[in-house]
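Let's take a friendly walk through a protein chain and its ligand. Have a look at the picture first, and then read on.

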Amino acid sequence: MSIQFGPDYIRAIAPYQGGKPISEVAREFGLDEAKIVKLASNENPLGMPESARKAMADVADAGRYPDGNGFELKAALTAKYGVPADCITLGNGSNDILELAAHAFVQPGQSVVYAQYSFAVYPLATQAVGGRSLVVAAKDFGHDLDAMLDAIEDDTRLVFVANPNNPTGTFIPGEEIEAFLRRVPPEVVVVLDEAYTEFLSPRQQYDSIGWIHRYPNLLVSRSMSKVYGLAGLRIGYGIAQPGITDLLNRIRQPFNVNSFAQAAAIAALADDDFVARSAKMNADGYRQLTQAFDELKLQYVPSSGNFVLVKVGDDDGAGARINLALLKQGIIVRPVGNYGLPQWLRITIGLEHENTQFIAALKNALA
Ligand code: PMP
């Protein structure tokens, strides 16, 4: 009999499934990489900002370790958001912040609350520390905050709330989130995952970073992979009172954010023009995609992110079937059967011509 290594709760983990890389689809389907359109990973279709590219080129010497405390990047975040450096944790992607939170606050057997149809990393981070998942049924594809409050048990140490949510794109108004924070027991840490917050319309925006002064159990998590176009560099950050921040700092890797990512992030944070262009392109693309879905009489979930969840059939094979038909035409989107949504696909909003290509391929696939 072979030896079983590691605890049961690690062996029970189903590894994260990302969007298929372009090179893999080209190989598998015998396609030209240059013609493939990838709308699968909620990346920025404009690519990285030129300002960030220049800043990376200026990194003096990658033979040296990065600044392990990220002094200059934290200073840029302080200037932008008015929070002191001892409230900021830098992460190797915001994914790092989510995992650090699970490691810092959850012991084996303790519970973590999150919503059905929320980001796949919440169950992964919970399982990796031997935590118990309390998954709360979604309401209209989004978070049911009252039910999430009710789900909190005596041993609950962490709640994940994504706003906007991935993969559904649903949004909860700021007042409702704050009302929720007021009612969460103070010993339960709330990770407010705002990876897509920069795509919110001015009317939707709310001051979550300001809330950290009132709620010592709040950790706001932000990503630079989306509107800032730095997904490949892996950079995100968490903002919380020093109590939480200090704990995350104790367990993070000493050099968890590399020199290039730090330099690029400083440039991107200052690049208001790029952010505005990205948000405008996203709004235009959202209209383009949802108009096509309306014409095709396909149900979709109204989204506040840079992606749209669309129902492509009534049977549980529909998502996989249409996904395969799209792949054969060189279009990569994200099947979401692993989220319990086998009739749906998640489409990242692309450039206008990419959206056009996707819509044509979708029509073919549905025919
Ligand atoms: N949170 C949510 C809700 C996400 O959708 C993602 C990216 N898919 C992340 C966090 C992690 O993004 P990153 O690690 O690239 O910052």
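Helices (H or I, at least four residues) and strands (E, at least two) are DSSP runs, numbered from the N terminus. Here the chain has 14 helices and 13 strands. Its radius of gyration, taken over C-alpha atoms, is 20 Å, close to the 21 Å that the globule rule (2.2 Å times the number of residues to the power 0.38) gives for 367 residues, so the chain is as compact as a globular protein of that length. The C-alpha trace spans about 55 × 55 × 50 Å along its principal axes.

Please keep in mind that this is a predicted model, in which local features need pLDDT of at least 70 and side-chain atom pairs count only at pLDDT 80 or more, while totals for chains, interfaces and linings use all residues. Residues are numbered from 1 along each chain as its sequence is written, and side-chain values use heavy atoms, with hydrogens and water left out.

**Around the ligand**

The table lists polar contacts, here pairs of N or O atoms within 3.5 Å.

| Residue (polar side-chain atom) | Distance to an oxygen atom of the ligand |
|---|---|
| Ser-223 | 2.7 Å |
| Ser-225 | 2.5 Å |
| Arg-234 | 2.7 Å |

Taken alone, the ligand exposes 400 Å², and the protein buries 94% of that; these areas come from the Shrake-Rupley method with a 1.4 Å probe.

A cis peptide bond links Asn-163 to Pro-164, with omega about -10°.

Where is Tyr-117 found? Tyr-117 lies in the loop between strand S3 (111-115) and helix H6 (121-128). Although Tyr-117 is not a glycine, it has a positive phi of about 60°.

Note on methods:
Polar contact = N/O pair within 3.5 Å; in protein donor to acceptor, adjacent residues only side chain to side chain.
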